[in-house]
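Dear colleague,

Please find below the structure that I am handing over to you. My findings follow directly after it.

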Amino acid sequence: MSVSTDPSSTVAAPASPGGDRRVGAWWLVAALVLGLALGVGGGLLIPRFTTPGDDSAEAGFLRDMSTHHAQAVEMSMIAHADSTDSRIVTLAGDIALTQHGQIGYMQAWLRDWGLSPTSSQEPMAWMPDSAGSVVNGLMPGMATPDQLTKLRAATGKDLNVQYLTLMRQHHLGGIHMAQEILKLSDHKDVTWLAQTMVTGQQSEINLIDQLLKSIQGT
């Protein structure tokens with residue numbers, strides 16, 4: 001949704017095709033709202049012994065990764081709503097739920113630290129030697145507006161291949177960002193979440209590769 005604005009969808013049971021997707025969409029929207037609430041609640045309950053500052057690497061990472069995750073949720077909602085391949089529907093729903101929940105943690109921590117969810121700094125400013133990692137305002141792995149437009153218009157096999165290809169690229173960028181904060185931070189909560197992202201997204205890339213081979217027949 002661009003979590004900024006767009007909501008999403010999840011697995012539905014067979015009925016009429018249009019009705020099916022609408023039921024699935026509402027189910028995923030409800031699940032995303034619940035996941036965000038749990039993420040916020042969890043974030044507020046976890047004790048804080050240190051409070052990173054506004055210009056800290058931790059704050060920069062949480063802000064940038066929230067934006068990065070938001071696009072993954074948006075793309076996953078498109079694929080979940082429009083794909084007719086149950087494997088894509090399941091993967092897209094899992095990614096949307098996971099990353100939306102992680103946004104809940106990140107936004108809750110920023111609020112708990114008394115910091116704004118946005119910053120006046122440029123994207124990726126928290127990461128040393130980040131010159132060149134932001135292209136046309138997009139962080140590593142993020143899809144361009146044109147790619148998102150094509151994804152929304154795609155159907156069938158073309159939709160599935162576009163989604164998997166874009167999400168693979170997106171995950172690689174997200175893993176790079178998470179690995180960098182692991183080098184820079186010793187904040188227990190932030191490093192726990194970053195390591196969770198690395199492990200989870202690497203596993204999903206393996207699944208994406210398998211699906212691409214199956215769908216493309218290679």
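Predicted model: local features only at pLDDT ≥ 70, side-chain atom pairs only at ≥ 80, totals over all residues.

Residues are numbered from 1 along each chain as its sequence is written, and side-chain values use heavy atoms, with hydrogens and water left out.

The protein has seven helices and zero strands, where helices (H or I, at least four residues) and strands (E, at least two) are DSSP runs numbered from the N terminus. Along the sequence this gives the pattern α-α-α-α-α-α-α. Of its 218 residues, 50% count as buried (under 20% relative accessible area, with exposed over 50% and partly exposed in between; 1.4 Å probe, protein chains only). The protein exposes about 10400 Å², of which carbon and sulfur atoms supply 58%; the area comes from the Shrake-Rupley method with a 1.4 Å probe. Among contacts (heavy atoms within 4.5 Å) between residues at least 6 apart in sequence, 79% join residues at least 24 apart.

Helix α3 (residues 57-82) packs against helix α7 (residues 188-216) at an angle of about 35°, with the axes 11 Å apart. The axes are lines fitted to C-alpha atoms, for helices over the stretch in contact, and angles run from 0 to 180 degrees between N-to-C directions. On the α3 side, E58, F61, M65 and H69 meet V190, A194, M197 and Q201 of α7. By class, this contact has five nonpolar, two polar and one charged residues (Ala, Val, Leu, Ile, Met, Phe, Trp, Tyr, Cys and Pro count as nonpolar, Asp, Glu, Lys and Arg as charged, and the others, Gly among them, as polar).

A search of the whole structure finds three aromatic pairs. Rings of Phe, Tyr and Trp (its six-membered ring) pair if their centres lie within 6.5 Å; planes under 30 degrees apart count as stacked, over 60 as edge-to-face and the rest as tilted. Y105 and W109 form a tilted pair, because their ring centres are 5.8 Å apart and their planes stand at 50°. Both residues lie in helix α4 (residues 86-112), four residues apart, about one turn of the helix. Y105 is partly exposed at 23% relative accessible area, whereas W109 is buried at 0%. The rings of Y105 and W192 have their centres 5.7 Å apart and their planes at 75°, so this pair is edge-to-face. That pair links distant parts of the chain, with Y105 in α4 and W192 in α7, 87 residues apart. W192 is partly exposed, at 42% relative accessibility. Together, Y105, W109 and W192 form one aromatic cluster.

With kind regards
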